[in-house]
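Good morning, and thank you for coming. Please keep the model in view while I speak about its spaces and its helices.

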Amino acid sequence: MDTATTSVITTPELGSIHINARPWALTISDNLRATFTFDREGRPLSCFLNGGNYRFGISGDILLKIVAAPPAPKLRQLLSEDECVRLHATVHAHVARIVAGVTHALSDDLRGWFAQIMAWDEDRALVNRRMFQSTYLPISIVPPDQYRALVLQITEGCSWNRCTFCSFYRDRHFRVKSPVALRQHIQQVKALLGRGLGMRRSIFLGDANALIVSQQRLRELLQVIHDELPAQDLYAFLDIFGAEQKTTDEYAELRAAGVRRVYIGLESGDEAVFNLLNKPGSPQQCITTVERIKMAGIHVGIILLAGVGGQSLAPQHVAQSLSVLTAMGLDAGDLVYISPLIVSDDSDYTSRMRDLGIVPLSSSALDTQMDELKTGARLATQGRPRVALYHIEEWLY
Ligand SMILES: C[S@@+](CC[C@H](N)C(=O)[O-])C[C@H]1O[C@@H](n2cnc3c(N)ncnc32)[C@H](O)[C@@H]1O
Ligand code: SF4
(Lines give C-alpha, C1' and ligand atoms only; values in the text may rest on other atoms or scores of the structure.)
(Ligands and ions follow the chains in the order given, each with its own letter.)
Protein backbone atom coordinates (compact mmCIF):
# COMPACT_ATOMS: atom_id res chain seq x y z
CA MET A 1 0.00 0.00 0.00
CA ASP A 2 1.19 3.56 -0.80
CA THR A 3 2.23 5.47 2.31
CA ALA A 4 1.75 9.22 2.42
CA THR A 5 3.26 11.88 4.66
CA THR A 6 1.83 15.36 5.03
CA SER A 7 3.83 18.37 6.22
CA VAL A 8 2.29 21.74 6.98
CA ILE A 9 4.60 24.74 6.94
CA THR A 10 3.30 28.16 7.94
CA THR A 11 5.21 31.39 7.32
CA PRO A 12 4.12 35.04 7.59
CA GLU A 13 4.74 35.60 3.85
CA LEU A 14 3.20 32.40 2.48
CA GLY A 15 0.53 31.43 5.00
CA SER A 16 -0.09 27.65 5.20
CA ILE A 17 1.60 25.36 2.72
CA HIS A 18 0.55 21.68 2.83
CA ILE A 19 2.90 19.17 1.23
CA ASN A 20 1.64 15.64 0.70
CA ALA A 21 4.32 13.17 -0.40
CA ARG A 22 3.48 9.70 -1.67
CA PRO A 23 5.98 7.25 -3.12
CA TRP A 24 5.24 8.34 -6.70
CA ALA A 25 3.64 11.77 -6.47
CA LEU A 26 3.89 14.99 -4.48
CA THR A 27 1.09 17.52 -3.98
CA ILE A 28 1.65 21.09 -2.81
CA SER A 29 -1.35 23.03 -1.61
CA ASP A 30 -1.05 26.80 -1.29
CA ASN A 31 -3.47 27.82 1.45
CA LEU A 32 -6.00 25.36 -0.04
CA ARG A 33 -6.53 27.88 -2.88
CA ALA A 34 -4.13 26.39 -5.45
CA THR A 35 -2.78 22.83 -5.63
CA PHE A 36 -0.04 21.30 -7.78
CA THR A 37 0.78 17.59 -8.20
CA PHE A 38 4.02 16.26 -9.70
CA ASP A 39 5.50 12.85 -10.47
CA ARG A 40 8.91 11.56 -9.34
CA GLU A 41 10.60 13.27 -12.29
CA GLY A 42 9.14 16.63 -11.23
CA ARG A 43 6.73 16.52 -14.20
CA PRO A 44 3.44 18.34 -13.46
CA LEU A 45 0.46 15.97 -13.43
CA SER A 46 -2.37 18.28 -12.44
CA CYS A 47 -3.07 21.61 -10.86
CA PHE A 48 -5.97 23.64 -9.58
CA LEU A 49 -5.40 27.32 -10.22
CA ASN A 50 -7.72 30.35 -10.48
CA GLY A 51 -10.83 28.15 -10.56
CA GLY A 52 -9.56 25.85 -13.33
CA ASN A 53 -8.58 22.18 -13.09
CA TYR A 54 -5.65 21.41 -15.40
CA ARG A 55 -4.46 17.90 -16.29
CA PHE A 56 -1.02 17.58 -17.82
CA GLY A 57 -0.46 14.68 -20.24
CA ILE A 58 2.85 12.91 -20.80
CA SER A 59 2.29 14.03 -24.38
CA GLY A 60 2.77 17.64 -23.26
CA ASP A 61 -0.92 18.41 -23.88
CA ILE A 62 -2.86 20.11 -21.12
CA LEU A 63 -6.61 19.75 -20.58
CA LEU A 64 -8.54 22.48 -18.76
CA LYS A 65 -11.78 21.56 -17.03
CA ILE A 66 -14.08 24.05 -15.36
CA VAL A 67 -17.13 22.77 -13.55
CA ALA A 68 -19.83 25.42 -13.89
CA ALA A 69 -22.97 25.68 -11.79
CA PRO A 70 -25.81 23.69 -13.44
CA PRO A 71 -27.44 24.01 -15.94
CA ALA A 72 -24.27 25.44 -17.57
CA PRO A 73 -22.24 22.62 -19.14
CA LYS A 74 -18.83 21.58 -17.88
CA LEU A 75 -16.05 23.24 -19.91
CA ARG A 76 -13.40 20.94 -21.37
CA GLN A 77 -10.68 22.49 -23.47
CA LEU A 78 -7.26 21.47 -24.72
CA LEU A 79 -4.79 24.33 -24.35
CA SER A 80 -2.90 25.62 -27.38
CA GLU A 81 0.91 25.16 -27.43
CA ASP A 82 1.38 28.81 -26.41
CA GLU A 83 -1.05 28.45 -23.54
CA CYS A 84 0.82 25.29 -22.42
CA VAL A 85 4.12 27.19 -22.37
CA ARG A 86 2.53 30.02 -20.40
CA LEU A 87 0.93 27.65 -17.89
CA HIS A 88 4.26 25.85 -17.34
CA ALA A 89 5.89 29.23 -16.65
CA THR A 90 3.10 30.23 -14.24
CA VAL A 91 3.28 26.93 -12.33
CA HIS A 92 7.08 27.13 -12.20
CA ALA A 93 7.03 30.71 -10.85
CA HIS A 94 4.29 29.91 -8.31
CA VAL A 95 6.09 26.85 -6.96
CA ALA A 96 9.49 28.64 -7.01
CA ARG A 97 8.06 31.26 -4.65
CA ILE A 98 6.84 28.53 -2.30
CA VAL A 99 10.15 26.67 -2.46
CA ALA A 100 12.10 29.83 -1.60
CA GLY A 101 9.90 30.39 1.45
CA VAL A 102 9.81 26.83 2.85
CA THR A 103 13.20 25.27 2.00
CA HIS A 104 14.57 25.89 5.50
CA ALA A 105 11.85 23.65 6.96
CA LEU A 106 12.09 20.75 4.51
CA SER A 107 13.38 17.21 5.07
CA ASP A 108 16.09 15.90 2.72
CA ASP A 109 13.46 13.83 0.91
CA LEU A 110 11.26 16.87 0.27
CA ARG A 111 14.29 18.92 -0.83
CA GLY A 112 15.00 16.18 -3.39
CA TRP A 113 11.42 16.39 -4.65
CA PHE A 114 11.53 20.18 -4.93
CA ALA A 115 14.87 20.08 -6.82
CA GLN A 116 13.25 17.77 -9.40
CA ILE A 117 10.18 19.97 -9.66
CA MET A 118 12.25 23.13 -10.14
CA ALA A 119 14.30 21.44 -12.88
CA TRP A 120 11.09 20.86 -14.88
CA ASP A 121 10.87 24.24 -16.60
CA GLU A 122 9.45 25.25 -20.01
CA ASP A 123 12.54 23.93 -21.84
CA ARG A 124 12.30 20.58 -20.12
CA ALA A 125 8.58 20.43 -20.97
CA LEU A 126 9.45 21.08 -24.62
CA VAL A 127 12.10 18.31 -24.68
CA ASN A 128 9.51 15.98 -23.12
CA ARG A 129 6.97 16.86 -25.86
CA ARG A 130 9.52 16.08 -28.60
CA MET A 131 10.46 12.77 -26.92
CA PHE A 132 6.79 11.86 -26.75
CA GLN A 133 6.35 12.54 -30.46
CA SER A 134 9.24 10.25 -31.38
CA THR A 135 7.97 7.49 -29.04
CA TYR A 136 4.23 7.35 -29.70
CA LEU A 137 1.66 8.04 -32.36
CA PRO A 138 -1.12 10.08 -30.72
CA ILE A 139 -2.90 7.97 -28.08
CA SER A 140 -6.44 8.60 -29.28
CA ILE A 141 -8.40 7.07 -26.39
CA VAL A 142 -8.30 4.53 -23.55
CA PRO A 143 -11.16 3.55 -21.19
CA PRO A 144 -11.55 5.77 -18.09
CA ASP A 145 -10.39 3.12 -15.60
CA GLN A 146 -7.11 2.99 -17.56
CA TYR A 147 -6.30 6.72 -17.51
CA ARG A 148 -3.25 6.01 -15.32
CA ALA A 149 -2.10 2.99 -17.34
CA LEU A 150 1.15 2.86 -19.23
CA VAL A 151 0.20 2.67 -22.90
CA LEU A 152 2.26 0.46 -25.19
CA GLN A 153 1.40 0.65 -28.87
CA ILE A 154 1.88 -2.99 -29.84
CA THR A 155 -0.24 -2.12 -32.87
CA GLU A 156 -0.96 1.21 -34.49
CA GLY A 157 -4.39 2.23 -35.76
CA CYS A 158 -7.53 0.20 -36.29
CA SER A 159 -7.69 -2.87 -38.53
CA TRP A 160 -11.22 -1.82 -39.59
CA ASN A 161 -11.23 1.99 -39.34
CA ARG A 162 -14.56 2.42 -41.12
CA CYS A 163 -17.19 2.91 -38.41
CA THR A 164 -19.24 5.93 -39.42
CA PHE A 165 -18.95 7.77 -36.07
CA CYS A 166 -15.32 7.04 -35.17
CA SER A 167 -12.43 9.20 -36.33
CA PHE A 168 -9.85 8.15 -33.74
CA TYR A 169 -7.47 6.37 -36.10
CA ARG A 170 -8.20 7.89 -39.51
CA ASP A 171 -4.72 9.47 -39.45
CA ARG A 172 -2.82 6.14 -39.65
CA HIS A 173 -2.66 2.73 -41.28
CA PHE A 174 -3.06 -0.42 -39.21
CA ARG A 175 0.31 -1.95 -38.34
CA VAL A 176 1.47 -4.66 -35.93
CA LYS A 177 4.87 -4.02 -34.36
CA SER A 178 7.56 -6.70 -34.65
CA PRO A 179 9.03 -7.97 -31.35
CA VAL A 180 12.22 -5.99 -32.11
CA ALA A 181 10.26 -2.78 -32.79
CA LEU A 182 8.18 -3.32 -29.63
CA ARG A 183 11.31 -3.74 -27.46
CA GLN A 184 12.68 -0.51 -28.89
CA HIS A 185 9.31 1.23 -28.29
CA ILE A 186 9.29 0.08 -24.64
CA GLN A 187 12.83 1.32 -24.12
CA GLN A 188 11.85 4.72 -25.51
CA VAL A 189 8.76 4.74 -23.25
CA LYS A 190 10.94 4.00 -20.22
CA ALA A 191 13.34 6.82 -21.14
CA LEU A 192 10.41 9.21 -21.63
CA LEU A 193 8.73 8.42 -18.30
CA GLY A 194 11.83 7.90 -16.17
CA ARG A 195 10.79 7.50 -12.52
CA GLY A 196 7.31 8.65 -13.52
CA LEU A 197 6.87 5.01 -14.56
CA GLY A 198 6.25 4.11 -10.90
CA MET A 199 2.84 5.82 -11.04
CA ARG A 200 1.57 3.60 -13.81
CA ARG A 201 -0.55 0.82 -12.35
CA SER A 202 -1.20 -1.31 -15.44
CA ILE A 203 -0.40 -1.60 -19.13
CA PHE A 204 -2.90 -0.71 -21.84
CA LEU A 205 -2.15 -2.30 -25.19
CA GLY A 206 -2.76 0.22 -28.01
CA ASP A 207 -4.28 1.04 -30.35
CA ALA A 208 -7.88 0.19 -31.34
CA ASN A 209 -7.99 -3.59 -31.27
CA ALA A 210 -4.55 -4.83 -30.19
CA LEU A 211 -5.69 -8.39 -29.41
CA ILE A 212 -6.70 -8.95 -33.03
CA VAL A 213 -3.05 -9.88 -33.65
CA SER A 214 -2.52 -13.57 -34.41
CA GLN A 215 -1.98 -15.71 -31.30
CA GLN A 216 1.59 -16.63 -32.26
CA ARG A 217 2.64 -12.99 -32.77
CA LEU A 218 0.77 -11.92 -29.62
CA ARG A 219 2.66 -14.57 -27.62
CA GLU A 220 5.96 -13.09 -28.84
CA LEU A 221 4.89 -9.51 -28.14
CA LEU A 222 3.60 -10.27 -24.64
CA GLN A 223 6.87 -12.06 -23.88
CA VAL A 224 8.78 -8.88 -24.79
CA ILE A 225 6.52 -6.91 -22.43
CA HIS A 226 7.09 -9.39 -19.60
CA ASP A 227 10.87 -9.21 -20.15
CA GLU A 228 10.91 -5.42 -20.08
CA LEU A 229 8.12 -4.68 -17.58
CA PRO A 230 7.44 -7.79 -15.47
CA ALA A 231 4.34 -8.54 -13.42
CA GLN A 232 1.93 -6.02 -14.91
CA ASP A 233 -1.78 -6.49 -15.59
CA LEU A 234 -2.70 -5.98 -19.23
CA TYR A 235 -5.80 -4.37 -20.78
CA ALA A 236 -6.87 -3.71 -24.39
CA PHE A 237 -9.69 -2.74 -26.74
CA LEU A 238 -11.05 -5.32 -29.15
CA ASP A 239 -13.82 -4.97 -31.71
CA ILE A 240 -16.58 -7.60 -31.90
CA PHE A 241 -15.32 -9.12 -35.13
CA GLY A 242 -11.73 -9.31 -33.83
CA ALA A 243 -12.94 -10.82 -30.55
CA GLU A 244 -14.71 -13.56 -32.48
CA GLN A 245 -11.45 -14.73 -34.03
CA LYS A 246 -10.02 -16.29 -30.86
CA THR A 247 -11.02 -19.50 -29.08
CA THR A 248 -11.66 -19.86 -25.35
CA ASP A 249 -8.31 -21.67 -25.03
CA GLU A 250 -6.55 -18.76 -26.71
CA TYR A 251 -8.23 -16.33 -24.33
CA ALA A 252 -7.21 -18.57 -21.42
CA GLU A 253 -3.62 -18.34 -22.64
CA LEU A 254 -3.93 -14.53 -22.75
CA ARG A 255 -5.37 -14.57 -19.23
CA ALA A 256 -2.33 -16.57 -18.07
CA ALA A 257 -0.12 -13.99 -19.79
CA GLY A 258 -1.69 -11.19 -17.71
CA VAL A 259 -4.68 -9.96 -19.78
CA ARG A 260 -7.32 -8.90 -17.25
CA ARG A 261 -10.01 -6.99 -19.15
CA VAL A 262 -10.99 -6.47 -22.78
CA TYR A 263 -13.07 -3.45 -23.80
CA ILE A 264 -15.57 -3.88 -26.62
CA GLY A 265 -17.67 -1.18 -28.26
CA LEU A 266 -21.14 -2.72 -28.51
CA GLU A 267 -22.46 0.82 -29.07
CA SER A 268 -26.07 -0.38 -29.49
CA GLY A 269 -27.88 -3.63 -28.82
CA ASP A 270 -30.41 -2.74 -31.51
CA GLU A 271 -29.71 -4.25 -34.96
CA ALA A 272 -31.12 -1.28 -36.88
CA VAL A 273 -29.07 1.26 -34.94
CA PHE A 274 -25.98 -0.98 -35.03
CA ASN A 275 -26.23 -1.21 -38.82
CA LEU A 276 -26.13 2.58 -39.13
CA LEU A 277 -22.69 2.54 -37.55
CA ASN A 278 -20.97 0.28 -40.09
CA LYS A 279 -19.35 -1.68 -37.26
CA PRO A 280 -18.06 -5.17 -37.88
CA GLY A 281 -20.04 -7.93 -36.12
CA SER A 282 -23.51 -7.68 -34.59
CA PRO A 283 -25.05 -7.37 -31.11
CA GLN A 284 -25.79 -11.12 -31.13
CA GLN A 285 -22.17 -11.93 -31.97
CA CYS A 286 -21.10 -9.62 -29.18
CA ILE A 287 -23.09 -11.70 -26.68
CA THR A 288 -21.45 -14.97 -27.75
CA THR A 289 -17.91 -13.58 -27.85
CA VAL A 290 -18.31 -11.96 -24.44
CA GLU A 291 -19.39 -15.36 -23.12
CA ARG A 292 -16.24 -16.93 -24.59
CA ILE A 293 -13.94 -14.25 -23.16
CA LYS A 294 -15.51 -14.49 -19.71
CA MET A 295 -15.30 -18.30 -19.72
CA ALA A 296 -11.54 -17.86 -20.01
CA GLY A 297 -11.51 -15.73 -16.85
CA ILE A 298 -11.02 -12.36 -18.61
CA HIS A 299 -13.34 -9.51 -17.65
CA VAL A 300 -15.04 -7.27 -20.19
CA GLY A 301 -15.80 -3.56 -20.46
CA ILE A 302 -18.84 -2.95 -22.67
CA ILE A 303 -19.27 0.49 -24.22
CA LEU A 304 -22.66 1.89 -25.27
CA LEU A 305 -23.06 5.04 -27.33
CA ALA A 306 -25.74 7.42 -26.06
CA GLY A 307 -27.53 9.37 -28.78
CA VAL A 308 -27.02 7.02 -31.74
CA GLY A 309 -30.11 6.47 -33.83
CA GLY A 310 -31.42 9.96 -33.07
CA GLN A 311 -34.99 10.61 -31.98
CA SER A 312 -36.86 8.01 -34.00
CA LEU A 313 -34.74 5.01 -32.96
CA ALA A 314 -34.16 6.11 -29.35
CA PRO A 315 -36.72 3.79 -27.67
CA GLN A 316 -35.44 0.65 -29.42
CA HIS A 317 -31.79 1.67 -28.94
CA VAL A 318 -32.29 1.90 -25.17
CA ALA A 319 -34.51 -1.20 -24.83
CA GLN A 320 -32.37 -3.50 -26.99
CA SER A 321 -29.07 -2.30 -25.53
CA LEU A 322 -30.32 -3.12 -22.04
CA SER A 323 -31.56 -6.52 -23.08
CA VAL A 324 -28.16 -7.35 -24.65
CA LEU A 325 -26.46 -6.32 -21.39
CA THR A 326 -28.77 -8.68 -19.49
CA ALA A 327 -27.96 -11.53 -21.89
CA MET A 328 -24.22 -11.03 -21.30
CA GLY A 329 -24.42 -12.07 -17.63
CA LEU A 330 -21.93 -9.42 -16.53
CA ASP A 331 -20.45 -9.58 -13.04
CA ALA A 332 -18.43 -7.57 -10.56
CA GLY A 333 -15.14 -7.51 -12.50
CA ASP A 334 -16.87 -6.25 -15.65
CA LEU A 335 -17.67 -2.66 -16.56
CA VAL A 336 -20.32 -0.86 -18.59
CA TYR A 337 -19.47 2.53 -20.06
CA ILE A 338 -21.89 4.99 -21.62
CA SER A 339 -20.30 7.37 -24.10
CA PRO A 340 -22.33 10.35 -25.35
CA LEU A 341 -21.99 10.54 -29.14
CA ILE A 342 -19.82 13.44 -30.31
CA VAL A 343 -19.67 13.85 -34.08
CA SER A 344 -18.91 16.68 -36.46
CA ASP A 345 -21.29 17.84 -39.19
CA ASP A 346 -19.11 16.28 -41.86
CA SER A 347 -18.82 12.80 -40.28
CA ASP A 348 -20.08 9.76 -42.21
CA TYR A 349 -22.54 9.15 -39.37
CA THR A 350 -24.08 12.64 -39.64
CA SER A 351 -24.47 12.46 -43.42
CA ARG A 352 -26.07 9.00 -43.16
CA MET A 353 -28.56 10.32 -40.58
CA ARG A 354 -29.28 13.32 -42.80
CA ASP A 355 -29.91 11.07 -45.83
CA LEU A 356 -32.33 8.96 -43.77
CA GLY A 357 -34.08 12.03 -42.37
CA ILE A 358 -33.28 10.98 -38.79
CA VAL A 359 -33.28 13.93 -36.39
CA PRO A 360 -30.51 13.92 -33.76
CA LEU A 361 -31.34 14.08 -30.06
CA SER A 362 -31.44 17.53 -28.49
CA SER A 363 -28.95 18.00 -25.69
CA SER A 364 -31.65 17.57 -23.02
CA ALA A 365 -32.95 14.41 -24.76
CA LEU A 366 -29.35 13.13 -24.81
CA ASP A 367 -29.04 13.76 -21.07
CA THR A 368 -32.31 11.88 -20.53
CA GLN A 369 -31.09 8.95 -22.64
CA MET A 370 -27.81 8.81 -20.72
CA ASP A 371 -29.78 8.59 -17.48
CA GLU A 372 -32.03 5.89 -18.94
CA LEU A 373 -29.03 3.88 -20.09
CA LYS A 374 -27.19 4.32 -16.79
CA THR A 375 -30.11 3.44 -14.56
CA GLY A 376 -31.33 0.74 -16.95
CA ALA A 377 -27.87 -0.83 -17.19
CA ARG A 378 -27.70 -1.13 -13.40
CA LEU A 379 -31.08 -2.83 -13.31
CA ALA A 380 -30.35 -5.01 -16.34
CA THR A 381 -27.15 -6.32 -14.74
CA GLN A 382 -28.52 -6.48 -11.17
CA GLY A 383 -25.96 -3.93 -10.04
CA ARG A 384 -23.05 -6.33 -10.49
CA PRO A 385 -20.69 -4.50 -12.90
CA ARG A 386 -19.79 -0.84 -12.37
CA VAL A 387 -21.69 1.45 -14.78
CA ALA A 388 -20.04 4.79 -15.56
CA LEU A 389 -19.84 7.61 -18.04
CA TYR A 390 -17.13 7.74 -20.67
CA HIS A 391 -16.54 11.18 -22.17
CA ILE A 392 -14.15 11.07 -25.12
CA GLU A 393 -13.18 14.72 -24.64
CA GLU A 394 -11.93 14.08 -21.10
CA TRP A 395 -9.14 11.85 -22.25
CA LEU A 396 -5.51 12.90 -22.20
CA TYR A 397 -2.33 10.80 -22.08
C1 LIG B 1 -11.34 2.65 -29.66
S2 LIG B 1 -13.03 2.70 -29.71
C3 LIG B 1 -13.63 1.03 -29.67
C4 LIG B 1 -12.88 -0.19 -29.43
C5 LIG B 1 -13.01 -1.21 -30.51
N6 LIG B 1 -12.25 -0.80 -31.63
C7 LIG B 1 -14.44 -1.45 -30.92
O8 LIG B 1 -14.85 -0.90 -31.95
O9 LIG B 1 -15.14 -2.16 -30.23
C10 LIG B 1 -13.54 3.12 -28.11
C11 LIG B 1 -14.94 3.65 -27.95
O12 LIG B 1 -14.96 5.06 -28.08
C13 LIG B 1 -16.28 5.46 -28.34
N14 LIG B 1 -16.32 6.42 -29.43
C15 LIG B 1 -15.67 6.37 -30.62
N16 LIG B 1 -16.01 7.43 -31.38
C17 LIG B 1 -16.90 8.15 -30.64
C18 LIG B 1 -17.63 9.34 -30.89
N19 LIG B 1 -17.53 9.97 -32.03
N20 LIG B 1 -18.44 9.80 -29.90
C21 LIG B 1 -18.54 9.16 -28.73
N22 LIG B 1 -17.90 8.02 -28.44
C23 LIG B 1 -17.09 7.52 -29.39
C24 LIG B 1 -17.07 4.24 -28.79
O25 LIG B 1 -18.01 3.86 -27.82
C26 LIG B 1 -15.98 3.20 -28.95
O27 LIG B 1 -16.42 1.91 -28.67
S1 SF4 C 1 -15.12 2.03 -33.30
FE2 SF4 C 1 -13.49 0.56 -33.08
S3 SF4 C 1 -13.61 -0.75 -34.93
FE4 SF4 C 1 -14.77 1.11 -35.34
S5 SF4 C 1 -13.33 2.44 -36.38
FE6 SF4 C 1 -13.32 3.02 -34.20
S7 SF4 C 1 -11.68 1.84 -33.34
FE8 SF4 C 1 -12.14 0.91 -35.33
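This is a predicted model: local features need pLDDT of at least 70, side-chain atom pairs count only at pLDDT 80 or more; totals for chains, interfaces and linings use all residues.

**Spaces between the domains**

I begin with the largest cavity: domain 1 (5–129) and domain 2 (136–394) both contribute residues to its lining, so this cavity lies between them. The domain bounds come from an automatic or database domain assignment. Residues are numbered from 1 along each chain as its sequence is written, and chains are lettered from A and ligands numbered from 1 in the order in which they are written.

On a 1 Å grid over the protein atoms alone, a cavity is a set of points where a 1.4 Å probe fits but cannot get out, whereas a pocket is an open set with protein on both sides within 12 Å along at least five of seven lines; lining residues have an atom within 4 Å of a point. Points are joined across faces, edges and corners, and a volume is the space filled by probe spheres set on them.

How many cavities of 30 Å³ or more are found in the whole structure? The search finds three. The largest cavity holds about 80 Å³ of space. Its lining consists of L45, R55, F56, G57, I58, Y147, R148, R200, L396 and Y397. By class, six of these lining residues are nonpolar, one is polar and three are charged. Here Ala, Val, Leu, Ile, Met, Phe, Trp, Tyr, Cys and Pro count as nonpolar, Asp, Glu, Lys and Arg as charged, and the others, Gly among them, as polar.

I turn now to the second largest pocket, which has a volume of about 910 Å³. It is lined by 33 residues, and P340, L341, S363, L366 and D367 are the closest to its centre. The lining of this pocket comprises 17 nonpolar, seven polar and nine charged residues. Where does the second largest pocket lie? Domain 1 and domain 2 both give residues to its lining, so the pocket lies between them.

Helices (H or I, at least four residues) and strands (E, at least two) are DSSP runs, numbered from the N terminus. In the lining of the second largest pocket, β8 (75–78), α11 (348–356) and α12 each supply at least two residues. The most come from α12, with six residues.

**Helix packing**

Axes are lines fitted to C-alpha atoms, for helices over the stretch in contact, and angles run from 0 to 180 degrees between N-to-C directions. The axis of α12 (residues 363–380) comes within 9 Å of that of α10 (residues 314–328), and the two cross at roughly 25°. These helices are therefore roughly parallel (under 35 degrees; over 145 is roughly antiparallel, 65 to 115 roughly perpendicular, and the rest oblique).

Helix α10 also packs against α9 (residues 283–295), at about 25° and with the axes 9 Å apart. That angle makes α9 roughly parallel to α10.

Elsewhere, α3 (residues 122–135) and α4 (residues 179–193) pack at about 165°, their axes 10 Å apart. This makes α3 roughly antiparallel to α4.

**Two backbone details**

Most residues other than glycine have a negative phi, and most peptide bonds are trans. In the loop between β3 (25–30) and β4 (34–39) is N31, whose phi is positive, near 55°. The peptide bond from G206 to D207 is cis, with omega near -5°. D207 belongs to the loop between β12 (203–206) and α5 (215–228).

How values were computed
Side-chain values use heavy atoms; hydrogens and water are left out.
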